[in-house]
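Dear colleague,

Please find below the structure I would like to hand over to you. The findings follow directly after it.

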Amino acid sequence: MSANLPERLAALFDQAQPVPTPFVLRRDTDVSGVSGTGTVAEGCFFSAAAGSTAVTRWRGERGSTVAWDRAQDVEAVHGHGGATRVIALPLPAMVSALTSIASLGEQRVGDQWADGWNQALEAVRGLIEAALGPHLDSGSAASPTRESRPGHA
């Protein structure tokens, strides 16, 4: 495991600035009787520099993809007065937290608490390396292979 994990994480995420924000549409009440309830679509909000500012991919047998010029239109059109909510994943905050965790220092005191802390920290860094290692070491934010994308086993 590399000692410069925080720097490697920062370099990976710097390549994708500004960071797109993934979201899901969570439907509590199916007003139209078509999509059902639960997570009915997934998508991503992009920066204004990216052109279209949102894309939505509907799940289910009537799946479709929609590009939106204005991100707020996703909820305005499909929110049905609060029956469907846009739930965004705050990637910049998650990236910051992940980098902070990778930056945590080991405890140098030789007691049980320090040993436990160091073991936990090593385990967390190992999980980060296992999940992101190929992307960190490739030197680019390459797209994942078909097998590594959600829904492709």
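In which strand does T21 lie? T21 belongs to strand β1, which spans residues 21–27. Leaving out residues up to four places away in sequence, T21 touches G43, C44, F45, A88 and L89, where contact means heavy atoms within 4.5 Å.

A few words on the basis of the findings are in order. This is a predicted model, in which local features need pLDDT of at least 70 and side-chain atom pairs count only at pLDDT 80 or more, while totals for chains, interfaces and linings use all residues. Residues are numbered from 1 along each chain as its sequence is written, and side-chain values use heavy atoms, with hydrogens and water left out.

Overall architecture

The secondary structure of the protein comes to four helices and five strands; these are DSSP runs numbered from the N terminus, with helices being H or I of at least four residues and strands E of at least two. From the N terminus on, the order of the elements is α-β-β-β-β-α-β-α-α. Of the 153 residues of the protein, 25% count as buried, a term that stands for under 20% relative accessible area, with exposed set at over 50% and partly exposed in between (1.4 Å probe, protein chains only). Among contacts between residues at least 6 apart in sequence, 44% join residues at least 24 apart.

Two packed helices are described by the angle between their axes and the distance between the axes. Here the axes are lines fitted to C-alpha atoms, for helices over the stretch in contact, and angles run from 0 to 180 degrees between N-to-C directions.

Helix α1 (residues 5–14) packs on helix α4 (residues 112–137) at an angle of about 45 degrees, with their axes 10 Å apart. The two helices are therefore oblique to each other; angles under 35 degrees count as roughly parallel, over 145 as roughly antiparallel, 65 to 115 as roughly perpendicular and the rest as oblique. On the side of α1 the contact is made by L5, R8, L9, L12 and F13, and on the side of α4 by R125, I128, E129, L132, G133, H135, L136 and D137. These residues divide into seven nonpolar, two polar and four charged. In this grouping Ala, Val, Leu, Ile, Met, Phe, Trp, Tyr, Cys and Pro count as nonpolar, Asp, Glu, Lys and Arg as charged, and the others, Gly among them, as polar.

Between α1 and α3 the angle is about 160 degrees, and the axes are 8 Å apart. That makes α1 roughly antiparallel to α3. L5, P6, L9 and F13 in α1 meet V95, L98, T99, A102 and S103 in α3. This contact has seven nonpolar, two polar and no charged residues.

The axes of α3 and α4 come within 9 Å and cross at roughly 130 degrees, which makes α3 oblique to α4. L98, I101, A102 and S103 of α3 and L121, V124, R125, I128 and L132 of α4 make the contact. By class, the residues are seven nonpolar, one polar and one charged.

Individual positions

Setting aside residues up to four places away in sequence, L9 touches L98, T99, A102, I128, L132 and L136. L9 and S96 are 87 residues apart in sequence, and their C-alpha atoms are 9.7 Å apart in space.

In α4, the buried residues are A114, N118, L121, R125, I128, E129, L132, G133 and L136, and they pack against α1 and α3 (91–103). A kink of about 60 degrees lies at A131 in α4, shortly before the proline P134; the bend at a residue is the angle between axes fitted to the seven residues ending there and the seven starting there.

G79 is placed in the loop between α2 (72–78) and β5 (84–88). With 4% relative accessibility, G79 counts as buried. Apart from neighbours within four places in sequence, G79 is in contact with V74 and T84.

With kind regards
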